Amino acid sequence: MARVSRPEFPAPAQVTTTAELEAVTARLRLEPFVTIDTEFVRERTYWPELCLVQLAGKNDVVVIDTLAPGLDLSSLGALLDDAGVVKVFHAARQDLEIFLHLFDRLPTALFDTQVAAMVAGYGDQVGYDNLVSSLLGVQIDKSHRFSDWSARPLSPAQIGYAAADVTYLRLVYGRLLEQLEKEGRLDWVAAELDILNNPATFRPDPLTLWEKMRPRTNNRRMLGILRAVTAWREGEAQRVNVPRQRLLKDESLMEIAATAPVTVEALARVRGVSRGFAEGRSGQSLLETVTGAMAEPEADLPRMPKGRGKDAQRPSPALIALLKVLLAACCETHRVAPKLVASSEDLDRFALDDDADIPAFHGWRNTVFGKLARELKAGRLIMGVEGGKVKLIHD
């Protein structure tokens with residue numbers, strides 16, 4: 001595979017003023033696509049602190065210092081809004097969350113090369129450096145991966161590292177687009193990008209977050225308290241701008257749901273809750289939330305989702321193993337990442353319920369795997385081995 005040399009890329013420019021940003025975004029809005037990446041810090045905050053935005057077009061590679069004093073990012077927002085320019089990211093979720101928080105809207109005309117690479121058969125959630133290596137034969141220098149991007153001044157090496165994430169991405173986008181067009185899979189990618197184009201993907205309903213903890217109980221009152229305090233934590237973490245797990249860990253919320261503390265003393269006895277927290281503003285607000293959940297009418301209390309809870313039926317491990325083999329075989333044949341077709345939870349649901357409504361039974365996934373999974377479970381499909389690969393035999 002031919003290597004791609006760096007000199008063909010424009011030298012990266014650091015943007016620190018509003019005038020510079022307006023000039024470069026005006027030029028980029030004349031191009032068919034622009035590659036985008038961000039650098040941020042988030043270890044101590046709920047909301048990511050945006051430190052850099054990297055942009056690349058045909059003739060521009062820029063690193064925007066978003067911490068520069070007086071920098072107005074409005075022209076960047078206008079570029080992201082321009083439906084005539086495709087915005088190309090790799091593993092876009094965190095970048096999109098940042099822009100949604102910053103501009104209160106998502107970029108238009110989105111393309112994610114990680115999603116595209118999964119559709120094109122480059123594996124599950126392939127990293128940018130691995131994709132660049134596979135497609136371009138170039139090794140990305142990752143020596144500045146753990147830089148403190150909030151520290152100033154930035155070194156030339158940091159600027160070069162940040163710029164590399166958008167320069168090679170232009171070539172990766174072109175290669176993937178060519179392959180997907182040839183294989184007729186652009187529609188597959190579009191279906192996946194619908195998820196990223198939905199603001200709800202990044203703003204989940206706080207009243208449903210408790211389900212992710214998978215509590216092993218059917219006690220509806222406990223579930224009601226857990227629902228309330230989990231939603232409270234989300235709002236409180238946003239208010240004080242600290243990571244939700246730093247505010248209160250999941251284990252503490254589970255104990256609060258089980259013990260229902262309504263006094264400062266009881267709350268302070270919960271593991272992971274300090275006396276100072278219990279006596280402070282957040283603690284008082286949490287106690288009020290518990291009290292409110294205790295008074296909630298029985299009819300309004302949640303139930304465990306179907307198929308969960310300590311009494312939930314478990315699928316046959318042998319059947320799950322069989323479905324996983326079929327999934328792997330189908331994805332090997334079609335050169336598509338298995339995680340994109342069906343999750344482990346999807347397989348569990350189908351193993352328990354023939355009529356389970358899972359993504360694998362819709363659109364291109366049904367062609368690749370869904371209809372064959374139904375045939376296998378119905379006994380109309382046999383799997384054998386031929387030439388060192390799984391062979392599907394229809395009855």
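Tutor: Domain bounds here come from an automatic or database domain assignment. Keep in mind that this is a predicted model.

Student: Okay, how is the chain divided into domains?

Tutor: Domain 1 covers 13-202, domain 2 covers 206-295 and domain 3 covers 317-393.

Student: How far apart are the C-alpha centres of domain 2 and domain 3?

Tutor: They lie 40 Å apart.

Student: Now the largest nonpolar core. Which residues touch the most other members?

Tutor: Leu-55, Ile-64, Leu-76, Tyr-168 and Phe-369, out of 81 residues in that core. Helix H6 (residues 156-183) gives the largest share, 7 residues.

Student: Where does this core lie?

Tutor: Domain 1 and domain 3 both give residues to this core, so it lies between them.

Student: What does Ile-64 touch, leaving out residues up to four places away in sequence?

Tutor: Its contacts include Val-15, Leu-21, Cys-51 and Leu-71. A second, separate core has 29 residues, among them Tyr-46 and Ile-256.

Student: Switching to rings. How many aromatic pairs turn up?

Tutor: The whole structure has 8. In one of them, Tyr-46 and Trp-47 sit edge-to-face, 4.8 Å centre to centre, with 80° between the planes.

Student: Is Tyr-46 buried or exposed?

Tutor: Tyr-46 counts as buried, at 8% relative accessibility. Trp-47 counts as partly exposed, at 25%.

Student: And what about Phe-350 and Phe-361?

Tutor: That pair is edge-to-face too, 5.1 Å centre to centre. Phe-350 lies in helix H16 and Phe-361 in the loop between H16 and helix H17, so the pair ties together parts 11 residues apart in sequence.

Student: Which residue lies over the face of Phe-361?

Tutor: Arg-374, at 3.7 Å from the ring centre. Lys-377 lies over the face of Phe-350, at 4.7 Å from that ring centre.

Conventions
Residues numbered from 1 in each chain as written. Predicted model: local features only at pLDDT ≥ 70, side-chain atom pairs only at ≥ 80, totals over all residues. Heavy atoms only, no water. Core = buried A, V, L, I, M, F, W, Y, C linked by side-chain atoms within 4.5 Å. Buried < 20%, exposed > 50% of the residue type's maximum accessible area, 1.4 Å probe, protein only. Helix = DSSP H or I, 4+ residues; strand = E, 2+ residues; numbered from the N terminus. Contact = heavy atoms within 4.5 Å. Phe/Tyr/Trp six-rings, centres within 6.5 Å; stacked < 30°, edge-to-face > 60°. Lys NZ or Arg CZ within 6 Å of the ring centre and 35° of its normal.
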